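Q: Can you walk me through how some helices pack here? Keep it short, please.
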Amino acid sequence: MSPARARAAAALRRSGGSAAPPQGRSRKRASPRGGAPAAAPAPPPARHLFSDPAEVEALRGNLLAWYDRCKRDLPWRALAETEPDADRRGYAVWVSEIMLQQTQVATVIDYYNRWMQKWPTLQALAQASLEVVSELAGQMPRTAEDLQKLLPGVGRYTAGAIASISYGQATGVVDGNVIRVLCRLRCIGADSSSPSVIDRLWDMANVLVDRSRPGDFNQALMELGATVCVPKAPLCGECPVKQHCQAWRRVEKELAFASQKLFGKPPPVSDVEDCGVGDCPLCPPATEPWDSSLGVTNFPRKAAKKPPRAMRTATCVLERRGCHGAPEYLIVQRPSSGLLAGLWEFPSLPLAQDLQEEKEREELADHLQAWMGRPVAAKGLQFIGEVTHIFSHIHQTYVVFSLHLDGDVTLDPALSPSRWVTEEEFHASAVSTAMKKVLKAHGKQCRKESSPVKGSKRKRGAKAQGAGSACPGTQLSLHAFLQAPPAP
């Protein structure tokens, strides 16, 4: 989770309770040459929409009745239902949504309870030694539009969830579970990750959301996707809205068609075709027709994932002897946006691919000189090994060096925030799993130095022993949420 820096105006407005238009979209499409607005694209066929008010009302009722019977007992839901203070409700839901974006519900529960015990309000969090600054006077914005505008790091989904669950704004939400449910309900076979399809799904979510119980409805839709309409082997027999599901209807019609054909009865014309409109923007592409063996799991569909790109980064474990004799390490803070935003790491430098070892050392030495304010000899950097870490879209290789410093070092205050930490303080700070692997590799090397292996000349691609093994926990440990970085 990137550090939440609330740079906001104090003026807040309440929602009028109507459905919010999809956020971030203009109502008009401007002409590229400044003339009259270009004509909006034709809406998709009715097959893909929720255009029947009676069906929408029935779907809402069926889904909410199921949710009231079957919803999971989760701490953030209890707070949202029972907390009388609106700001506390919004804060409680915000914390839960951020955590749920990192890992699964079962893992979040314990961390969430501990977090709320330690920092029960936005004011308590602002007073902690985390990188949190509140300029909202402890008040949460009340609408999805203001939440997204005034709270950096809060996107379209999180804003909709907070506004609907905490404040009763009738605005929809679209996350991975909702995408799956809506694509199956309306046989949307176009790439569900494309911006145009996502916009259509937001339109649908805003049409469907129940005006009297928007928060419960949104949670019900997400609960359905998490527990019944799951990616593989969905429990269609238990689905409360299967009668509204066009994917399920198609499966049932195909089964009936096959059964009648098996028993020699003249089958009716099977009404299981696509919408019949050529080049429909929401139907499956002609090259990927309906696969009867997949049933409802034909939907949703995503474009094939691109292979992760390879990156190399030089990293140095700078070590000094602390005042009590224990080793201390220099860590610096990453930028507030981008990959691993706001987390702490050892001084690191992205490398071009296929650099020779000597050139890698030289570039890292120059980088370290900027931190230390004095020349660093490239030959003084001790090679530790290569640590590999796989992100969802990046295959990252850290080329790890170490350097022991004698005496104190004055750090340039104009550069990113930095601090010296003990090993215990390092693990208590907001550091990534990759950096924990780097420190683990450094520790193994230190323990081996008393009995070095002869002929251990570095080979390209060689890994420090054990450095490539995965550490317990997720890529960004939620333990970091509950620990403040150590004082400088």
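A: Start with H2 and H3. Trp 76, Leu 79 and Ala 80 in H2 touch Arg 89, Ala 92, Val 93, Ser 96 and Leu 100 in H3. Contact means heavy atoms within 4.5 Å. This is a predicted model: local features need pLDDT of at least 70, side-chain atom pairs count only at pLDDT 80 or more, and totals for chains, interfaces and linings use all residues. Residues are numbered from 1 along each chain as its sequence is written, and side-chain values use heavy atoms, leaving out hydrogens and water.

Q: At what angle do H2 and H3 pack?
A: About 160°, with the axes 9 Å apart. That makes H2 roughly antiparallel to H3 (angles over 145 degrees count as that).

Q: New topic. How many residues of H10 are buried?
A: Eleven of the 14, so H10 is largely enclosed by the rest of the structure. Buried means under 20% relative accessible area, with a 1.4 Å probe and protein chains only.

Q: What covers the buried residues of H10?
A: The cover includes helices H1, H2, H7, H8 and H9.

Q: Which residues of H7 and H10 meet?
A: Tyr 157, Ser 164 and Ile 165 in H7 meet Pro 214, Gly 215, Asn 218, Gln 219 and Met 222 in H10. That contact has four nonpolar, four polar and no charged residues.

Conventions: Buried means under 20% relative accessible area, exposed over 50%, partly exposed in between (1.4 Å probe, protein chains only). Helices (H or I, at least four residues) and strands (E, at least two) are DSSP runs, numbered from the N terminus. Axes are lines fitted to C-alpha atoms, for helices over the stretch in contact, and angles run from 0 to 180 degrees between N-to-C directions. Angles under 35 degrees count as roughly parallel, over 145 as roughly antiparallel, 65 to 115 as roughly perpendicular and the rest as oblique. Ala, Val, Leu, Ile, Met, Phe, Trp, Tyr, Cys and Pro count as nonpolar, Asp, Glu, Lys and Arg as charged, and the others, Gly among them, as polar.
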